[in-house]
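Subject: Structure handover and findings

Hello,

Please find the structure below, with the sequence alongside. My notes on it follow.

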Amino acid sequence: MICNGFDIDGVIHLGDGVCGIRPGPSDVIITGRSFEEEAETLAFLRRNGINNPVFFNQCHYEDKTRASSGFHKAETIKMLHRTGLSIQYFFEDDEVQKAEIEKGIEEVSAWGIGTKVIHVNNPHVAKENRRHLEDLND
């Protein structure tokens, strides 16, 4: 099956509870957000009618970096490809993560399955770690 993949911060979540680009019903969300941020993330997504599968970074919140988040996304894309879910386009706003994803999925491209990483140019959302606990209270 072919679908698209979406980052959250800067793509789906524009900050302060504002929703941006929405995934289609068969798409997946691969976020650099830590598994420790699951509650506020799912609260925001569900409140906005987004019920897609979400793959969280397995790093603790305080340990994750932009580069490690990009690595996590690349590894998740490869894992999904191995299980039969091919991501055609992945939407990412962070250039550091975009570079890490592209470097990490070179192997997948060699298999003849080319995921294209689309840069969403969004300078309005901070790229560094930030909890979104306000999304639990809306």
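**Overall layout**

The protein has five helices and five strands. Along the sequence these are arranged as β-β-α-β-α-β-α-α-β-α. Please keep in mind that this is a predicted model. The chain has 138 residues, of which 48% count as buried. Among contacts with a separation of 6 or more, 74% are between residues 24 or more positions apart.

I began with S2, which spans residues 28–34 and has seven of its seven residues buried. In a regular strand, side chains alternate between the two faces of the sheet. In S2 both faces are covered: one side carries Val28, Ile30, Gly32 and Ser34, the other Ile29, Thr31 and Arg33, and all of these are buried.

S2 pairs with two other strands. With S1 (residues 2–6) it runs parallel, joined by two bridges; Gly5 has Val28 of S2 as its bridge partner. With S3 (residues 54–57) the pairing is also in the parallel sense, over three bridges. There, the bridge partner of Ile29 is Val54 in S3. Between S2 and S3 the chain passes through helix H1 (residues 38–47), and this β-α-β crossover is right-handed.

**Helix H1 and the residue after the helix**

Which residues of H1 are buried? They are Glu40, Thr41, Phe44 and Leu45. Viewed down the axis of H1, these buried residues fall within an arc of 130°, so they line one face of the helix. After H1 comes Gly49, with a positive phi near 70°.

**A positive phi outside glycine**

Asp16 is not a glycine, yet its phi is positive, about 55°. The residue sits in the loop between S1 and S2. With a relative accessible area of 63%, Asp16 is exposed, because exposed here means over 50%.

**The aromatic pair**

How many aromatic pairs does a search of the whole structure find? The search returns one. The pair is Phe6 with Phe91, and the rings are stacked, at 4.8 Å centre to centre with 15° between the planes. Phe6 belongs to strand S1 and Phe91 to strand S4 (residues 86–92); they are 85 residues apart, so the pair links distant parts of the chain. Phe6 and Phe91 are both buried.

**Helix H3**

H3 covers residues 95–104, and its buried residues are Gln97, Lys98, Glu100, Ile101 and Gly104. Down the axis of H3 these buried residues fall within an arc of 165°, so they line one face of the helix. On the face turned away from that buried side are the exposed residues Glu95 and Lys103. At the start of H3, a side-chain oxygen of Asp94 comes to within 2.9 Å of the backbone nitrogen of Val96.

- Lys98 lies in H3. Lys98 has a relative accessible area of 19% and counts as buried, because the cut-off for buried is under 20%. The Lys98 side chain makes a polar contact with the side chain of Glu102, at 2.7 Å. Leaving aside neighbours within four places in sequence, Lys98 is in contact with Glu92, Val117 and His119.
- Lys103 also lies in H3. Lys103 has 52% relative accessibility and counts as exposed, because the cut-off for exposed is over 50%. From Lys103 to Phe71 the separation is 32 residues in sequence and 8.7 Å in space, C-alpha to C-alpha.

**In brief**

S2 has seven of its seven residues buried and is paired in parallel with S1 and S3. The buried residues line one face in H1, and those of H3 also line one face. The stacked aromatic pair is Phe6 and Phe91.

Regards

Definitions and conventions: Residues are numbered from 1 along each chain as its sequence is written. This is a predicted model: local features need pLDDT of at least 70, side-chain atom pairs count only at pLDDT 80 or more; totals for chains, interfaces and linings use all residues. Side-chain values use heavy atoms; hydrogens and water are left out. Buried means under 20% relative accessible area, exposed over 50%, partly exposed in between (1.4 Å probe, protein chains only). Helices (H or I, at least four residues) and strands (E, at least two) are DSSP runs, numbered from the N terminus. Two strands pair if DSSP finds at least two bridges between them. A crossover is right-handed if, with the strands pointing away from the viewer, the path from the first strand over the helix to the second runs clockwise. The arc is that of the directions from the helix axis to the C-beta atoms. A polar contact is a pair of N or O atoms within 3.5 Å; within protein, one must be able to donate a hydrogen and the other to accept it, and residues adjacent in sequence count only if both atoms are side-chain atoms. Rings of Phe, Tyr and Trp (its six-membered ring) pair if their centres lie within 6.5 Å; planes under 30 degrees apart count as stacked, over 60 as edge-to-face and the rest as tilted. Contact means heavy atoms within 4.5 Å.
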